[in-house]
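Please look through the sequence and the model below before reading on. The paragraphs that follow go from record annotations to helix packing, cores and charged pairs.

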Amino acid sequence: MDASTYIGHDSGHYEVMSSRSYNKLAQILCGNCMTGISIAWWKWTHNAHHIACNSLDYDPDLQHIPVFAVSSRFFGSIKSYFYDRQLKFDALSRFLISYQHITFYPVLCFARLNLYLQTFLLLFSPSRNVPDRLYNIMGIGVFWTWFPLLLSALPSWPERLMFVLACFVVCSIQHLQFCLNHFAANVYLGPPSGNDWFQKQTAGTLDITCSTWMDWFFGGLQFQLEHHLFPRLPRAQLRKVSPLVIDLCKRHNLPYRSLSFVEANLWTLKTLRTAALQARDFTNSAPQNLLWEAFNTHG
């Protein structure tokens with residue numbers, strides 16, 4: 001599923017096929033049909049992510065309340081201008097975020113369930129104008145036909161359950177890669193404006209250092225800054241333009257950060273732990289629930 005997701009990502013940026021229509025076909029086949037995740041939902045959120053990279057109130061890829069928060073500024077129940085609603089930091093959010101550095105990897109193993117839910121909420125929402133809604137629904141129908149049939153070929157329910165869990169765990173590696181590129185980078189409030197956009201892209205992304213023989217594992221996303229600056233550049237060319245981007249950042253005194261895979265994980269966990277400890281110390285007038293009190297009793 002990971003390989004098809006990478007192709008879905010690349011075709012979603014219209015960088016795979018020679019024509020727009022062929023790219024759309026690849027999007028539906030690799031996204032909807034193969035993974036069960038709507039390419040319409042992905043483009044809706046991903047375009048906003050590229051425009052307002054790491055904006056706490058405009059980038060949906062950072063808005064994971066009540067499960068995760070990369071900054072204490074979420075504790076002020078800021079408004080999401082993407083979802084057009086308040087991101088409420090309540091007692092449940094405070095409890096979950098207080099342990100997010102511990103629950104981070106387990107939650108990623110089941111993150112795909114949320115993507116399935118978001119797909120259905122968008123495609124069957126009567127109030128939203130969804131491009132190619134019918135094709136997206138048909139593609140989702142294909143996935144929910146072949147995947148249950150594949151499961152039914154396994155001899156027992158325990159084996160089916162283990163197969164589904166294995167699929168989720170494998171897919172969590174890709175979810176992790178997306179988090180590593182942005183969770184530990186700089187964040188801000190508000191939309192980018194004018195020449196500020198380029199600066200926000202460099203500040204809000206982290207590259208992952210790897211050898212050429214590991215490019216397949218990251219799907220080109222290890223060159224995250226390069227991808228953000230040239231979103232329609234095919235992934236095979238990202239390594240070639242990387243030295244040019246490094247030189248450009250040096251000349252304009254802009255950050256360019258490239259970490260090893262282990263370092264990126266440690267930076268991300270440190271960011272999550274910092275916010276978790278701040279959540280524990282955060283005080284407001286709202287009463288805590290019994291679950292919170294039970295886990296935070298001293299003495």
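UniProt positions are given here in the numbering used for this chain, with feature names shortened, and such annotations may be inferred rather than shown by experiment. This is a predicted model, in which local features need pLDDT of at least 70 and side-chain atom pairs count only at pLDDT 80 or more, while totals for chains, interfaces and linings use all residues. Residues are numbered from 1 along each chain as its sequence is written, and side-chain values use heavy atoms, with hydrogens and water left out.

The unreviewed UniProt entry places the feature "transmembrane region" at residues 102-123 and 135-154. In the model, residues 102-123 are 91% helix and 0% strand, with end C-alpha atoms 33 Å apart. For residues 135-154 the end C-alpha atoms lie 30 Å apart, and the span is 90% helix and 0% strand. Helices (H or I, at least four residues) and strands (E, at least two) are DSSP runs, numbered from the N terminus. The annotation "domain: Fatty acid desaturase", also from an unreviewed UniProt entry, covers residues 6-259. That span is 56% helix and 3% strand, and its end C-alpha atoms are 21 Å apart.

Two packed helices are described by the angle between their axes and the distance between the axes. Axes are lines fitted to C-alpha atoms, for helices over the stretch in contact, and angles run from 0 to 180 degrees between N-to-C directions. Helix 5 and helix 8 pack with their axes 8 Å apart, at an angle of about 135 degrees. The two helices, helix 5 and helix 8, are therefore oblique to each other; angles under 35 degrees count as roughly parallel, over 145 as roughly antiparallel, 65 to 115 as roughly perpendicular and the rest as oblique. Helix 5 contributes Phe104, Tyr105 and Leu108 to the contact, and helix 8 contributes Ser172, His175, Leu176 and Cys179 (contact means heavy atoms within 4.5 Å).

Next come the cores. A nonpolar core is a set of buried Ala, Val, Leu, Ile, Met, Phe, Trp, Tyr and Cys residues joined through side-chain atoms within 4.5 Å. Buried means under 20% relative accessible area, exposed over 50%, and partly exposed in between (1.4 Å probe, protein chains only). The largest nonpolar core has 29 residues, and Val70, Phe74, Phe75, Ile97, Phe104 and Phe183 have the most contacts inside it. Helix 5 (100-108), helix 8 (157-180) and helix 13 (261-281) each supply at least two residues of this core. A second, separate core has 19 residues, including Cys33, Tyr116, Val130 and Leu151.

Leaving aside neighbours within four places in sequence, Phe75 touches Ala69, Phe89, Ile97, Ala275, Gln278, Ala279 and Phe282. Ser71 sits in the loop between helix 3 (39-51) and strand 1 (79-80) and counts as buried, at 9% relative accessibility.

The structure holds six salt bridges, each a side-chain nitrogen of Lys or Arg within 4 Å of a carboxyl oxygen of Asp or Glu. One of them joins Asp132 and Lys24 (3.2 Å, N to O). This pair links distant parts of the chain, 108 residues apart: Asp132 is in the loop between helix 6 (111-123) and helix 7 (133-152), and Lys24 is in helix 2 (residues 20-35). Asp132 is partly exposed at 32% relative accessibility, and Lys24 is partly exposed at 30%. Lys200 and Asp196 also form a salt bridge (2.7 Å, N to O). Because they lie four residues apart in helix 9 (residues 196-203), Lys200 and Asp196 are separated by about one helical turn.
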